[in-house]
Amino acid sequence: MSMSSRVKHRCAGSIPNLWHSSTATTRSGFLPERIVHLHPTRLCNLSCLHCYSESDPSHKEALDPDVLGAALGLLRAEGYVLLSLSGGEPLLYPPLRAVVEQSRELGFRVTMISNGLLATKRMDSVLSLLDGVAISFDGLAATHNAMRRRSDAFERACAAVQRIAATGRPVAAAISLTREAIPELPDLADHLVSLGVRALQVRPVARAGRARSLADCSFHSSSDYARLYLVVLALQKELSPEVQVHCDLAPAKGLWQQRDAYSGLLGSCETVPLEDRPLADLVNPLVVIDTGLLKPIAYDFDGRFDVASIDGLSSDYLRCYKRQRLPALQKLIGGALASMQARQGLVDWFDHCARLSEDCFRTSAPIGSAEL
Ligand code: SF4
């Protein structure tokens, strides 16, 4: 029995007919690149209050570099071009250098998100291999340190930005904000730009992992989304083109208008069967979590949508996934996109899809993910 025929949930049904063309575009979803997000460990030197992966110093486990290397080779052949490392704290992953070197040999460009505390001179030999580094921030010093539960976290993250920028390598800031921290964004942006960041990636804190324990007032209403979006627009106007400012929020109507970005996943192609198409055209981003599971779109995407495990990953397995299990993702994304047409306001698209992945199975019978 196919997976789609077992699924009984409120987003089940036929895939919305959003495309009439059989042509694939160069985009794969709303991202400009085909990306693998790699979380090789949940070991972290911090235990932040909002951590969606619930990382902390107690998590000693890490992915086996040989198994990971073999899987990355296959994923490169499936069309992914950018490897984005995070964690946990990636600088605590013992085989980091070897994995970065191997990934580059495979043809990946490699970037990293770090809390910055360990991005010292000692790490220069690894940092110099990267195509970009982003240091994470949550607000100005008091807010950042409270969220990070460490009194010198902001100072050391800023020092990391300044040091990396001074070497001439590109450095960005990945800024995640609670509702209360929105007013701090302009001053934070000014400060980070003065330290040398060339890009700001802004997103609202997601209600995932340890962040689920934050007070309700930390999360954003639709009017908070609007406030945050307006601040980002003002920063774009002020800082472009020297500094790129990006926000994970987007107007629902704009997402609907850009729906062709998903024609790889949702459009029909009469000449190439689904199973023969590269995974990167269909699932983007792809997330490799610390257990070795491959997930579509987000770290906390519901496990019933898991793609595979890196253990014993093979082209044959991926062909089977595309043929039998991908339809559930097509239905979810197709339904989510179709709902954008009538929706007002702003959407955090990937978080929206992750929440839908949980909701659409809430009332359902178990499905075939146990076959993994
Ligand atoms: S948010 Fe980042 S720095 Fe904080 S505990 Fe999680 S992985 Fe570590």
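Two residues are in contact if their C-beta atoms, placed from the backbone, lie within 7 Å. By that criterion, Asp-56 of this predicted model touches Cys-44 and Ser-47, leaving aside residues up to four places away in sequence. The chain as a whole contains 14 helices and twelve strands, and 44% of its 372 residues count as buried.

- Asp-56 is found in the loop that runs between β1 (35-38) and α2 (65-77).
- Because 17 other C-beta atoms lie within 10 Å, Asp-56 is partly exposed.
- Thr-41 is 15 residues from Asp-56 in sequence, and their C-alpha atoms are 10.0 Å apart in space.

**The ligand shell**
- Residues surrounding the ligand include Cys-44, Ser-47, Cys-48, Cys-51, Glu-89 and Asn-115.
- The shell comprises four nonpolar, seven polar and one charged residues.

**The sheet**
- Ten strands make up an open sheet of mixed pairing, in the order β7-β6-β5-β4-β3-β2-β1-β9-β10-β11.
- β7 (244-247) and β11 (308-309) stand at the edges with a single partner strand each, so one side of each has no neighbour in the sheet.
- Strands of a sheet pair through backbone hydrogen bonds, in either a parallel or an antiparallel manner.
- β2 (residues 82-85) and β3 (residues 109-114) run parallel and are joined by four bridges; Leu-83 stands opposite Val-110 in β3.

- Helix α6 (residues 153-166) lies across β4 (132-137) and β5 (171-177), at about 160 degrees to β4.
- Among contacts in the chain with a separation of 6 or more, 76% come from residues 24 or more positions apart.

Conventions:
Residues are numbered from 1 along each chain as its sequence is written. This is a predicted model: local features need pLDDT of at least 70, side-chain atom pairs count only at pLDDT 80 or more; totals for chains, interfaces and linings use all residues. A residue is near a molecule or strand if its C-beta atom, placed from the backbone, lies within 6 Å of it. Ala, Val, Leu, Ile, Met, Phe, Trp, Tyr, Cys and Pro count as nonpolar, Asp, Glu, Lys and Arg as charged, and the others, Gly among them, as polar. Helices (H or I, at least four residues) and strands (E, at least two) are DSSP runs, numbered from the N terminus. A residue is buried if 20 or more other C-beta atoms lie within 10 Å of its own, exposed if 12 or fewer, and partly exposed in between; C-beta atoms are placed from the backbone. Two strands pair if DSSP finds at least two bridges between them. Axes are lines fitted to C-alpha atoms, for helices over the stretch in contact, and angles run from 0 to 180 degrees between N-to-C directions.
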